[in-house]
Amino acid sequence: MRRILGLSFSNLCKILIFMAIFIAAFGGLQQQGFAFEHYDVVHFPSAAVNKTSETKGDRNGYPLWGHLGRPAGKGPHPAVVLMHGCGGIQQMHFDWAKTLNADGYVTLVVDSFRPRSLIQQCGGGSTAASPAGRVLDAYGALEFLRGQNDIDPHRIGLMGWSHGGISALSAVTENGVGATFPAEFQTVIALYPHCVASRRFTKPVAVIIGASDDWTSAASCENLQKQTQSHSHVLDLTVYPDAFHGFDNPMFGSGFFVPGAPGQKHWLQYNRAAHQKAVQRTKQLLGERL
């Protein structure tokens, strides 16, 4: 059989047909106005409370990087810092960023793990990459965004997922490390975080979580919400029935178990309805608070 560039004629035809279909589809999306977003990798240090912080010789903090996405237009735009969960950055974080970009927000997806030569932290490990330690990453990202000409420095929010959601809540906890920095996040949205009891918040805070989550309990967040009823900032809590941990991650599909802390395992599963509702609720919250 005739061969071209080491390929059989039939296989070459299949490749050419696939390429033609791809080009036609790509062109069709462009004609429909579909935006193919570009994200810049940007570098910035984590915030440092003092010179004994994890600095590696850099007095401004640990060197990090993140993925910066911008909406159309000159701005100044509001912005949102996105903090990934214990599994590190995944496609769903970029999907969220694209959704927010389309709504007019600059986004910065912070990578807390790979700059520290870590892949995941679902079983614990690095103190610097713990939820408490990552608060410094969030404030480093805040300072970076405040220095961008197309961003309104007074309209920057913080979102976090699971492990990163704990960091997000900690960032605006009264008497927490965030209180030591002059710049502030204007609001926080945490998706399925662990809610620590007896906290008071310095800014409006919202939690979105699934009722069936067996990793971070909705009950603990309901308890925290009750405790904040007499505080200046009452926890805004949204609980979706039949939604598990990671309900907004399409890659989790029909679900599977993953190991957590030693001897524990947890169920992850996508829930399209809960995901769509979470997107709409997030847009509403950001629209009201930024």
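**Strand pairs and sheet order**

User: Which residue in β6 is the bridge partner of H67?

Analyst: V109 is the bridge partner of H67 in β6. This is a predicted model, where local features need pLDDT of at least 70, side-chain atom pairs count only at pLDDT 80 or more, and totals for chains, interfaces and linings use all residues. Residues are numbered from 1 along each chain as its sequence is written, and side-chain values use heavy atoms, leaving out hydrogens and water.

User: What makes β4 and β6 a pair?

Analyst: Two strands pair if DSSP finds at least two bridges between them. Strands are DSSP runs of E, at least two residues, and helices are runs of H or I, at least four, numbered from the N terminus. β4 (residues 63–69) and β6 (residues 106–111) share 5 bridges, so they qualify, in the antiparallel sense.

User: Why are β3 and β10 said to stand at the edges?

Analyst: The open sheet of 8 strands runs β3-β4-β6-β5-β7-β8-β9-β10, with mixed pairing. β3 (40–45) and β10 (236–240) each have a single partner strand, so one side of each lacks a neighbour in the sheet.

User: How do you know that helix α3 packs on the sheet?

Analyst: Contact means heavy atoms within 4.5 Å, and α3 (residues 135–146) touches β3, β4, β5 (77–83), β6 and β7 (151–161). Its direction makes about 115° with that of β3; angles run from 0 to 180 degrees between N-to-C directions, with axes fitted to C-alpha atoms, for helices over the stretch in contact.

User: And what does helix α5 touch?

Analyst: α5 (residues 218–227) touches β9 (205–210) and β10, making about 155° with the direction of β10.
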